[in-house]
Amino acid sequence: MPIYDRRSPSEYEIVDRWDVGIGWLAHPNETGHRTSHAVVGADGGVWVIDPLDAPGIDEELAALGDIRGVLVCSNYHVRDADRFTTRHNPLPREIADTGPIIA
């Protein structure tokens, strides 16, 4: 298995789960283990962080609530942020002192 599997995923694996969020691997067998997260904010909306898309992940996210935005923490982590914003259409937002986010 390569360090980063660039093919479309066929599965995902939840690797973290807590009351207000989840973490998942879109390619559980890759060596690099790129983990994506979703957390519920103070307003009850869900923020998806450095996401990699995978079949079925939207159902996991829906169980947390409505998507408010997609955060990209590094230009190396853009990944599938555009797919999530296209599907969930969150309103554009900015976070103080960190610049615009993809939303």
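**Exercise 1.** What volume does the largest pocket have, and which residues lie nearest its centre?

*Solution.* The structure is a predicted model, and the values below are computed from it. Begin with the volume, which for the largest pocket comes to about 270 Å³. Next, turn to the lining, which is made up of 18 residues, with R6, R34, L52, R79 and D80 lying nearest the centre of the pocket. Finally, sort the lining by class, which gives eight charged, five polar and five nonpolar residues.

**Exercise 2.** Work out in what order the strands of the open sheet are arranged, and which of them are the edge strands.

*Solution.* The open sheet consists of five strands, arranged in the order β1-β2-β3-β4-β5 with mixed pairing. The edge strands are β1 (13-18) and β5 (67-71), since each of these pairs on one side only. From one strand to the next, the twist averages 15 degrees. As a closer look at one pairing, β4 (residues 46-49) and β5 run parallel and are joined by four bridges, and V46 stands opposite I67 in β5.

**Exercise 3.** Determine which strands helix α1 touches, and which strands helix α2 lies across.

*Solution.* Helix α1 (residues 57-64) packs on the sheet and touches β1, β2 (21-25), β3 (35-40), β4 and β5, while its direction makes about 170 degrees with that of β2. Helix α2 (residues 81-88), for its part, lies across β2, β4 and β5, and runs at about 165 degrees to β5.

**Exercise 4.** Find how many aromatic pairs a search of the whole structure gives, and explain why the pair of W24 and F84 counts as tilted.

*Solution.* The search of the whole structure finds one aromatic pair. The ring centres of W24 and F84 are 6.4 Å apart and their planes stand at 45 degrees, so the pair is tilted. With W24 in strand β2 and F84 in helix α2, 60 residues apart, the pair links distant parts of the chain.

How values were computed
Residues numbered from 1 in each chain as written. Predicted model: local features only at pLDDT ≥ 70, side-chain atom pairs only at ≥ 80, totals over all residues. Heavy atoms only, no water. 1 Å grid on protein atoms, 1.4 Å probe; cavity = no way out; pocket = protein on both sides within 12 Å on 5 of 7 lines; lining within 4 Å. Points joined across faces, edges and corners; volume = space filled by probe spheres on them. Nonpolar A, V, L, I, M, F, W, Y, C, P; charged D, E, K, R; others polar. Pairing = 2+ DSSP bridges. Helix = DSSP H or I, 4+ residues; strand = E, 2+ residues; numbered from the N terminus. Axes fitted to C-alpha atoms, helices over the stretch in contact; angles between N-to-C directions. Contact = heavy atoms within 4.5 Å. Phe/Tyr/Trp six-rings, centres within 6.5 Å; stacked < 30°, edge-to-face > 60°.
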